[in-house]
Amino acid sequence: MANVKITDLTSLSGALVGADLFEMVDDVAGTPASRKVTAAVVREYSNMAFAALTDANFTMAVNTIYVGSMAAWATADRTGTLPATADVGDRCGVILTGGNATYELILTAGSGDTLNGIAGGTEWSRVFITNEVVIMRCIVANTTWIVEHDGRIPSYATGYPNDISTNSAATATVAPLVNAISDSGGMLDTTTNFRIDIRRAGNYEINVSMRGLNAPSAAQAQNVYAYKNGAALLSMQIRTASTSVEQCAVAKDFPLAVGDYIQLYFLHTQVNLGVRGSSQVTWCGVTEIL
(Lines give C-alpha, C1' and ligand atoms only; values in the text may rest on other atoms or scores of the structure.)
Protein backbone atom coordinates (compact mmCIF):
# COMPACT_ATOMS: atom_id res chain seq x y z
CA MET A 1 0.00 0.00 0.00
CA ALA A 2 3.04 2.25 -0.08
CA ASN A 3 2.70 5.47 -2.09
CA VAL A 4 -1.05 5.04 -2.54
CA LYS A 5 -3.09 8.20 -2.59
CA ILE A 6 -5.97 8.42 -0.14
CA THR A 7 -8.26 9.12 -3.09
CA ASP A 8 -7.20 5.77 -4.59
CA LEU A 9 -8.20 3.74 -1.53
CA THR A 10 -11.31 1.56 -1.54
CA SER A 11 -14.32 3.33 -0.05
CA LEU A 12 -15.80 1.97 3.18
CA SER A 13 -18.89 -0.02 2.29
CA GLY A 14 -20.21 -0.69 5.79
CA ALA A 15 -20.75 1.31 8.95
CA LEU A 16 -17.89 3.09 10.70
CA VAL A 17 -16.97 1.37 13.99
CA GLY A 18 -15.01 2.65 16.98
CA ALA A 19 -11.85 0.67 16.19
CA ASP A 20 -11.52 2.03 12.64
CA LEU A 21 -8.51 4.31 12.10
CA PHE A 22 -8.00 7.84 10.80
CA GLU A 23 -4.74 9.47 9.80
CA MET A 24 -4.02 12.73 11.62
CA VAL A 25 -1.32 15.30 12.29
CA ASP A 26 -0.66 15.93 16.00
CA ASP A 27 0.59 19.25 17.47
CA VAL A 28 0.23 21.24 14.25
CA ALA A 29 1.23 24.52 15.94
CA GLY A 30 4.25 22.99 17.68
CA THR A 31 6.11 19.91 16.44
CA PRO A 32 3.85 18.29 13.85
CA ALA A 33 3.86 14.49 13.77
CA SER A 34 1.83 11.99 11.78
CA ARG A 35 -0.31 9.80 14.00
CA LYS A 36 -3.27 7.46 13.81
CA VAL A 37 -6.44 7.85 15.82
CA THR A 38 -9.46 5.59 16.25
CA ALA A 39 -12.95 6.58 15.22
CA ALA A 40 -13.95 6.16 18.88
CA VAL A 41 -11.52 8.92 19.93
CA VAL A 42 -12.75 11.21 17.14
CA ARG A 43 -16.33 10.56 18.19
CA GLU A 44 -15.50 11.32 21.83
CA TYR A 45 -13.87 14.62 20.81
CA SER A 46 -16.71 15.71 18.55
CA ASN A 47 -19.36 14.76 21.12
CA MET A 48 -17.40 16.21 24.06
CA ALA A 49 -15.93 14.11 26.83
CA PHE A 50 -18.15 13.28 29.80
CA ALA A 51 -17.34 14.32 33.35
CA ALA A 52 -19.28 13.87 36.57
CA LEU A 53 -21.21 16.84 37.94
CA THR A 54 -20.47 17.01 41.67
CA ASP A 55 -21.60 19.08 44.65
CA ALA A 56 -18.80 21.65 44.35
CA ASN A 57 -17.78 24.78 42.47
CA PHE A 58 -15.76 23.90 39.37
CA THR A 59 -13.99 25.31 36.32
CA MET A 60 -14.97 23.50 33.15
CA ALA A 61 -12.49 21.82 30.84
CA VAL A 62 -12.78 22.50 27.11
CA ASN A 63 -14.82 20.03 25.06
CA THR A 64 -16.30 18.50 28.19
CA ILE A 65 -19.92 18.07 29.24
CA TYR A 66 -20.72 17.69 32.93
CA VAL A 67 -23.48 15.20 33.65
CA GLY A 68 -25.12 14.37 36.94
CA SER A 69 -27.86 14.83 39.47
CA MET A 70 -28.23 17.77 41.85
CA ALA A 71 -30.76 15.89 43.98
CA ALA A 72 -28.37 15.30 46.89
CA TRP A 73 -27.01 18.86 47.03
CA ALA A 74 -27.84 20.01 50.52
CA THR A 75 -25.72 23.00 51.54
CA ALA A 76 -25.35 25.71 48.88
CA ASP A 77 -25.65 26.84 45.27
CA ARG A 78 -22.68 25.86 43.10
CA THR A 79 -20.97 27.72 40.24
CA GLY A 80 -19.70 26.29 36.96
CA THR A 81 -17.14 28.63 35.35
CA LEU A 82 -16.07 28.43 31.71
CA PRO A 83 -12.33 27.92 31.05
CA ALA A 84 -10.15 30.99 30.56
CA THR A 85 -8.13 29.28 27.81
CA ALA A 86 -10.15 28.03 24.84
CA ASP A 87 -9.87 27.90 21.06
CA VAL A 88 -12.57 28.99 18.65
CA GLY A 89 -15.05 26.14 18.40
CA ASP A 90 -14.31 24.66 21.82
CA ARG A 91 -17.46 23.69 23.73
CA CYS A 92 -18.56 23.07 27.30
CA GLY A 93 -21.88 21.96 28.69
CA VAL A 94 -23.98 20.64 31.55
CA ILE A 95 -26.76 18.04 31.67
CA LEU A 96 -28.90 17.59 34.77
CA THR A 97 -30.13 14.04 35.32
CA GLY A 98 -31.76 15.23 38.53
CA GLY A 99 -32.84 18.65 39.77
CA ASN A 100 -32.95 20.29 43.19
CA ALA A 101 -35.85 22.13 44.82
CA THR A 102 -33.56 24.38 46.89
CA TYR A 103 -30.15 24.91 45.29
CA GLU A 104 -29.01 25.90 41.78
CA LEU A 105 -26.02 25.51 39.47
CA ILE A 106 -24.92 29.00 38.38
CA LEU A 107 -23.22 29.36 34.98
CA THR A 108 -20.70 32.09 34.23
CA ALA A 109 -17.69 32.95 32.09
CA GLY A 110 -14.21 33.29 33.58
CA SER A 111 -12.75 36.59 34.68
CA GLY A 112 -12.16 38.86 31.68
CA ASP A 113 -14.35 36.73 29.38
CA THR A 114 -18.02 36.96 28.45
CA LEU A 115 -20.91 34.52 28.06
CA ASN A 116 -23.71 35.83 25.84
CA GLY A 117 -22.34 39.31 26.51
CA ILE A 118 -22.38 38.88 30.31
CA ALA A 119 -19.03 39.63 31.96
CA GLY A 120 -17.19 36.77 33.61
CA GLY A 121 -17.86 36.43 37.31
CA THR A 122 -21.42 37.67 36.75
CA GLU A 123 -24.14 35.05 36.46
CA TRP A 124 -25.50 34.38 32.98
CA SER A 125 -28.21 32.09 34.29
CA ARG A 126 -28.73 28.99 36.42
CA VAL A 127 -30.16 25.48 36.09
CA PHE A 128 -31.94 23.31 38.65
CA ILE A 129 -34.65 21.28 36.85
CA THR A 130 -34.26 17.63 35.83
CA ASN A 131 -33.22 17.24 32.15
CA GLU A 132 -32.04 20.83 31.67
CA VAL A 133 -29.17 21.01 29.15
CA VAL A 134 -26.94 23.99 28.29
CA ILE A 135 -24.15 23.83 25.67
CA MET A 136 -21.71 26.76 25.29
CA ARG A 137 -19.23 27.44 22.47
CA CYS A 138 -16.15 29.67 22.28
CA ILE A 139 -16.36 32.08 19.32
CA VAL A 140 -13.30 34.26 20.11
CA ALA A 141 -10.30 32.45 21.52
CA ASN A 142 -9.75 32.94 25.26
CA THR A 143 -12.40 35.67 25.35
CA THR A 144 -15.94 35.17 24.11
CA TRP A 145 -18.51 32.43 24.66
CA ILE A 146 -22.09 32.05 23.48
CA VAL A 147 -24.87 29.67 24.44
CA GLU A 148 -25.11 27.29 21.50
CA HIS A 149 -27.98 25.22 22.90
CA ASP A 150 -30.31 26.62 25.54
CA GLY A 151 -32.09 23.62 27.00
CA ARG A 152 -33.34 25.33 30.14
CA ILE A 153 -36.86 24.25 31.06
CA PRO A 154 -39.37 26.98 32.00
CA SER A 155 -40.25 26.90 35.68
CA TYR A 156 -43.85 27.48 36.70
CA ALA A 157 -46.07 27.22 39.76
CA THR A 158 -49.73 27.75 40.62
CA GLY A 159 -51.32 27.57 44.07
CA TYR A 160 -54.61 28.42 45.74
CA PRO A 161 -55.91 29.14 49.26
CA ASN A 162 -58.50 27.45 51.42
CA ASP A 163 -61.77 29.27 52.01
CA ILE A 164 -61.20 32.57 53.83
CA SER A 165 -64.37 33.54 55.65
CA THR A 166 -63.85 37.23 56.50
CA ASN A 167 -61.67 40.26 55.94
CA SER A 168 -61.47 43.84 57.16
CA ALA A 169 -63.19 46.29 54.83
CA ALA A 170 -60.94 48.14 52.37
CA THR A 171 -57.84 46.32 53.65
CA ALA A 172 -55.78 44.18 51.28
CA THR A 173 -55.39 40.76 52.90
CA VAL A 174 -53.08 37.93 51.92
CA ALA A 175 -54.65 34.69 50.70
CA PRO A 176 -52.09 32.04 51.67
CA LEU A 177 -51.23 29.59 48.87
CA VAL A 178 -51.58 26.41 50.92
CA ASN A 179 -52.57 24.12 48.04
CA ALA A 180 -50.64 23.26 44.87
CA ILE A 181 -52.04 23.04 41.37
CA SER A 182 -48.63 22.79 39.69
CA ASP A 183 -44.98 23.32 40.56
CA SER A 184 -42.18 22.75 38.07
CA GLY A 185 -38.94 23.94 39.60
CA GLY A 186 -39.74 24.04 43.31
CA MET A 187 -41.07 27.62 43.35
CA LEU A 188 -44.30 27.06 45.28
CA ASP A 189 -44.03 27.28 49.08
CA THR A 190 -47.20 25.86 50.63
CA THR A 191 -45.78 25.15 54.10
CA THR A 192 -43.87 28.20 55.39
CA ASN A 193 -44.44 31.46 53.50
CA PHE A 194 -47.37 30.33 51.28
CA ARG A 195 -46.13 32.08 48.14
CA ILE A 196 -44.24 31.60 44.85
CA ASP A 197 -40.48 32.19 45.03
CA ILE A 198 -38.51 33.13 41.90
CA ARG A 199 -35.42 30.96 41.44
CA ARG A 200 -34.06 32.24 38.09
CA ALA A 201 -33.90 35.82 36.81
CA GLY A 202 -35.90 36.49 33.67
CA ASN A 203 -39.30 37.42 32.28
CA TYR A 204 -42.45 35.84 33.70
CA GLU A 205 -46.19 35.74 33.16
CA ILE A 206 -48.17 36.33 36.37
CA ASN A 207 -51.84 35.36 36.73
CA VAL A 208 -54.27 35.85 39.62
CA SER A 209 -57.95 35.04 39.95
CA MET A 210 -60.50 35.26 42.80
CA ARG A 211 -64.14 34.52 43.51
CA GLY A 212 -65.89 35.87 46.59
CA LEU A 213 -67.20 33.52 49.26
CA ASN A 214 -70.09 35.78 50.25
CA ALA A 215 -72.35 37.95 48.12
CA PRO A 216 -71.53 41.65 48.55
CA SER A 217 -74.16 44.34 48.68
CA ALA A 218 -74.94 46.28 45.53
CA ALA A 219 -72.26 48.74 44.44
CA GLN A 220 -69.66 47.07 46.66
CA ALA A 221 -66.43 45.90 45.08
CA GLN A 222 -63.97 43.06 45.40
CA ASN A 223 -60.34 43.24 44.30
CA VAL A 224 -57.75 40.58 43.52
CA TYR A 225 -54.02 41.38 43.58
CA ALA A 226 -50.63 39.92 42.83
CA TYR A 227 -48.10 41.29 45.30
CA LYS A 228 -44.37 41.31 44.53
CA ASN A 229 -42.07 41.36 47.56
CA GLY A 230 -44.88 42.65 49.77
CA ALA A 231 -46.09 45.46 47.45
CA ALA A 232 -49.02 45.48 45.03
CA LEU A 233 -47.94 44.61 41.48
CA LEU A 234 -51.19 44.14 39.53
CA SER A 235 -54.88 44.10 40.40
CA MET A 236 -58.40 43.76 39.09
CA GLN A 237 -61.63 45.13 40.60
CA ILE A 238 -65.21 44.06 40.00
CA ARG A 239 -68.50 45.34 41.40
CA THR A 240 -71.03 42.55 41.78
CA ALA A 241 -73.72 41.29 44.12
CA SER A 242 -73.00 37.68 43.13
CA THR A 243 -70.73 34.94 44.48
CA SER A 244 -70.56 33.29 41.05
CA VAL A 245 -68.39 35.93 39.38
CA GLU A 246 -64.60 35.97 39.53
CA GLN A 247 -62.08 38.45 38.24
CA CYS A 248 -58.66 37.81 36.80
CA ALA A 249 -55.51 39.84 36.20
CA VAL A 250 -52.53 38.97 34.01
CA ALA A 251 -49.06 40.48 33.55
CA LYS A 252 -46.89 39.19 30.70
CA ASP A 253 -43.14 39.50 30.12
CA PHE A 254 -42.65 40.95 33.58
CA PRO A 255 -38.99 40.94 34.75
CA LEU A 256 -38.34 39.19 38.04
CA ALA A 257 -35.08 38.56 39.88
CA VAL A 258 -33.80 35.65 41.94
CA GLY A 259 -35.30 36.02 45.42
CA ASP A 260 -38.41 37.92 44.32
CA TYR A 261 -41.68 36.41 45.53
CA ILE A 262 -45.30 36.62 44.45
CA GLN A 263 -48.34 36.43 46.75
CA LEU A 264 -52.11 36.44 46.24
CA TYR A 265 -54.03 39.22 48.00
CA PHE A 266 -57.70 40.21 48.05
CA LEU A 267 -59.77 43.16 49.20
CA HIS A 268 -63.50 43.74 49.73
CA THR A 269 -64.92 47.21 50.19
CA GLN A 270 -67.56 45.60 52.41
CA VAL A 271 -66.53 44.15 55.79
CA ASN A 272 -66.69 40.44 56.65
CA LEU A 273 -66.63 39.03 53.14
CA GLY A 274 -64.35 36.19 52.19
CA VAL A 275 -62.69 34.29 49.35
CA ARG A 276 -63.70 30.98 47.82
CA GLY A 277 -60.81 28.52 48.19
CA SER A 278 -61.02 26.59 44.96
CA SER A 279 -58.49 25.68 42.31
CA GLN A 280 -61.15 26.44 39.71
CA VAL A 281 -61.76 30.10 40.59
CA THR A 282 -59.15 31.40 43.06
CA TRP A 283 -55.45 30.99 42.38
CA CYS A 284 -52.09 32.62 41.73
CA GLY A 285 -49.74 31.41 38.99
CA VAL A 286 -46.27 32.36 37.73
CA THR A 287 -44.75 31.00 34.50
CA GLU A 288 -41.19 31.62 33.29
CA ILE A 289 -40.80 32.77 29.67
CA LEU A 290 -37.62 31.47 28.03
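Ring pairs link Tyr225, Tyr227 and Tyr265 into a cluster. The model is predicted. Work through the exercises below.

**Exercise 1. The aromatic cluster**

Classify the pair Tyr225 and Tyr227, then the pair Tyr227 and Tyr265.

Solution. 
- Step 1. A pair of aromatic rings is described by the distance of the centres and the angle of the planes.
- Step 2. The count for the model comes to three aromatic pairs.
- Step 3. Take Tyr225 and Tyr227. Their centres are 5.9 Å apart, with 90° between the planes. Planes over 60 degrees apart count as edge-to-face, so this pair is edge-to-face.
- Step 4. Take Tyr227 and Tyr265. Here the values are 3.7 Å centre to centre and 10° between the planes. Planes under 30 degrees apart count as stacked, so this pair is stacked.
- Step 5. Tyr227 belongs to strand 20 (residues 221-228). Tyr265 belongs to strand 23 (residues 261-268).
- Step 6. Check burial. Tyr225 and Tyr227 are buried. Tyr265 is buried as well.

**Exercise 2. Arginines over rings**

Which rings do Arg195 and Arg199 lie over?

Solution. 
- Step 1. Arg195 lies over the face of Tyr261, 3.8 Å from the ring centre.
- Step 2. Arg199 lies over the face of Phe128, 4.1 Å from the ring centre.

**Exercise 3. Positive phi**

Locate Asn63 and Phe194, and decide for each: buried or partly exposed?

Solution. 
- Step 1. Most residues other than glycine have a negative phi.
- Step 2. Asn63 is not a glycine, yet its phi is positive, about 55°. Asn63 sits in the loop between strand 4 (58-59) and strand 5 (64-69).
- Step 3. Asn63 has 11% relative accessibility, so it counts as buried. The cut-off for buried is under 20%.
- Step 4. Phe194 also has a positive phi, near 60°. Phe194 sits in the loop between strand 17 (188-189) and strand 18 (195-197).
- Step 5. Phe194 has a relative accessible area of 26%, so it is partly exposed.

Terms used
Residues numbered from 1 in each chain as written. Predicted model: local features only at pLDDT ≥ 70, side-chain atom pairs only at ≥ 80, totals over all residues. Heavy atoms only, no water. Phe/Tyr/Trp six-rings, centres within 6.5 Å; stacked < 30°, edge-to-face > 60°. Buried < 20%, exposed > 50% of the residue type's maximum accessible area, 1.4 Å probe, protein only. Helix = DSSP H or I, 4+ residues; strand = E, 2+ residues; numbered from the N terminus. Lys NZ or Arg CZ within 6 Å of the ring centre and 35° of its normal.
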